[in-house]
Amino acid sequence: SHALSTMEDETKARPPSRDGGIASTKRFVIILEADAAAPRADTAGILEALALRGSGREDRRIAPLLHRWAPGDTPAEVVAGLRRGPLGVRHAEAPPQWCVLVRVNPASPATTPTSDGARLWRFVQELNDRYATAVLSDATAMRTLADKRLLHTIGNKFWYGLRDTRCYSNQEELVTGLNNHAKNAASVKHTVAERVLKMNRGRSGESVIKISISSSTIQCSDVSRPHVPSRTYPSAHELVKQEKELFQFEEGIRWIDMRFLPHITDGEVRLILDGDECIAVRQRPNRGALCAQAGAAWSPVHRRRGAAGDGVCVCTPDEADRLRAAFLASLPALRELLRLEGAVLPPLWTADFIRHDRGAEERAVPWVLCEFNAMATGYTAFGSATDPNTMRTFGTAMARSIERRFGILHEER
């Protein structure tokens with residue numbers, strides 16, 4: 001926090017000079033933070049990467065300027081203030097370029113119109129409306145991609161969706177949906193329907209419930225708490241009644257009901273994207289568990305199964321290449337379905353997949369989308385928080401995204 005404040009103060013206070021100071025800088029990125037007291041730690045990785053990549057390179061130099069959002073801020077005031085400061089420096093050449101990087105991540109923005117969360121998102125949306133070409137993170141795109149309701153919207157419209165995925169907006173709909181599963185299970189002797197219920201705003205495996213439904217009972221367990229015994233109820237109505245504290249629907253919360261995929265015990269595969277470009281593929285083995293352990297790291301896809309002593313390999317490099325190509329090919333149609341045709345996709349977002357046993361005649365790419373992460377995604381998307389290389393990789397990826405916005409060509413691949 002102190003380091004960030006110092007960098008910010010030095011940047012603002014630096015006087016015009018002829019030796020590469022702020023007066024000679026032609027590009028600025030305004031980094032929007034949400035909390036004045038505790039800025040995001042991984043913002044330091046972005047600042048360091050920009051400084052390193054711009055050192056001694058006038059053609060690549062980009063000056064970062066931090067702005068800590070506060071209730072009452074307006075985009076016009078923020079931009080006007082920056083123009084009076086560093087952006088107001090007179091140049092003999094064209095005026096400097098600038099863009100805005102949104103580093104705001106409200107996990108569950110409140111719907112109350114007067115709440116800080118709602119004010120902040122109105123601020124970001126107004127920023128998009130007024131300065132669309134300068135904002136790196138489209139507010140509508142971030143919120144749309146981060147909401148798990150799109151799993152229901154996608155359904156079977158894409159190869160990575162499931163036609164039987166449902167979305168419930170209240171407890172009555174949830175009971176009806178579970179009863180339908182019970183009827184289907186009863187129609188086939190000795191059949192148990194296994195489903196997963198997840199909150200549309202759940203994070204890091206929280207609020208993910210595995211449901212096993214037979215013709216006579218319904219059993220539920222929290223996948224993030226494997227040591228807690230499962231609970232069994234005689235009906236869906238009794239389940240929802242007894243678990244009413246769990247199945248909440250206030251403030252826009254919805255519950256997604258999708259098929260349980262047994263290969264979750266192998267792990268997940270993650271595509272890391274920068275706008276419309278996939279910049280990396282990572283995997284996270286679960287080693288038999290129904291969800292990743294807290295802090296479990298994403299690692300590169302290995303060249304052979306079980307390589308590098310990392311246990312189970314979730315997918316091969318060839319499978320990763322096919323997954324990447326197939327998903328990128330689907331992006332234009334996905335944009336159209338989600339009404340994001342003209343939106344600027346986030347500079348860092350992820351798509352997570354679980355393997356699905358499909359026949360060769362059904363799908364060439366045997367993966368199911370389990371979620372997107374798009375709310376100002378942080379550095380742990382690349383790996384372990386304890387690995388110093390993770391922050392470095394994240395900072396470089398974000399710096400490259402900012403450079404791309406300014407039209408700076410990338411020499412390294």
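Over how many bridges do strand 1 and strand 2 pair? Strand 1, residues 27-33, pairs with strand 2 over 6 bridges, and the sense of the pairing is parallel.

## Confidence

The model is predicted. The mean pLDDT of the chain is 77, and 76% of the residues reach 70 or more. Confidence is lowest in helix 1 (residues 2-13), where the mean is 31, and highest in helix 9 (residues 317-337), where it is 94.

In residues 1-23 the pLDDT is below 50, and this stretch has 29 contacts in the model beyond near neighbours in sequence. Residues 107-111 also have a pLDDT below 50, with 11 contacts beyond near neighbours in sequence. Where pLDDT is low, the predicted coordinates should not be read in detail.

One of the bridges can be given by residue: E33 has R68 in strand 2 as its bridge partner.

## Helix 10

Helix 10 covers residues 388-405, 18 residues in total. From the first C-alpha to the last it reaches 27 Å, close to the 26 Å expected at 1.5 Å a residue. At its N-terminal end the helix is capped by D387, which has a side-chain oxygen 2.9 Å from the backbone nitrogen of N389. After the helix comes G407, with a positive phi near 80°.

Buried residues of helix 10 include T390, F394, A397, M398 and I402. The buried residues of this helix pack against strand 1, helix 2 (43-54) and strand 3, and also against strand 10 (267-274) and strand 11 (277-285).

Is strand 6 (residues 208-213) mostly covered or mostly uncovered? Strand 6 is mostly covered, with 6 of its 6 residues buried. V208, K210 and S212 point one way from the strand, while I209, I211 and I213 point the other way.

Strand 6 runs antiparallel to strand 5 (residues 193-199), and 6 bridges join the two. In this pairing A193 has I213 of strand 6 as its bridge partner. Strand 6 also runs antiparallel to strand 7 (residues 218-222), to which 5 bridges join it. Here K210 has S221 in strand 7 as its bridge partner. Strands 6 and 7 form a hairpin, with 4 residues between them.

Conventions: Residues are numbered from 1 along each chain as its sequence is written. Side-chain values use heavy atoms; hydrogens and water are left out. pLDDT is the predictor's confidence in each residue, from 0 to 100. Contact means heavy atoms within 4.5 Å. Two strands pair if DSSP finds at least two bridges between them. The expected span of a helix is 1.5 Å times one less than its number of residues. Buried means under 20% relative accessible area, exposed over 50%, partly exposed in between (1.4 Å probe, protein chains only). A polar contact is a pair of N or O atoms within 3.5 Å; within protein, one must be able to donate a hydrogen and the other to accept it, and residues adjacent in sequence count only if both atoms are side-chain atoms.
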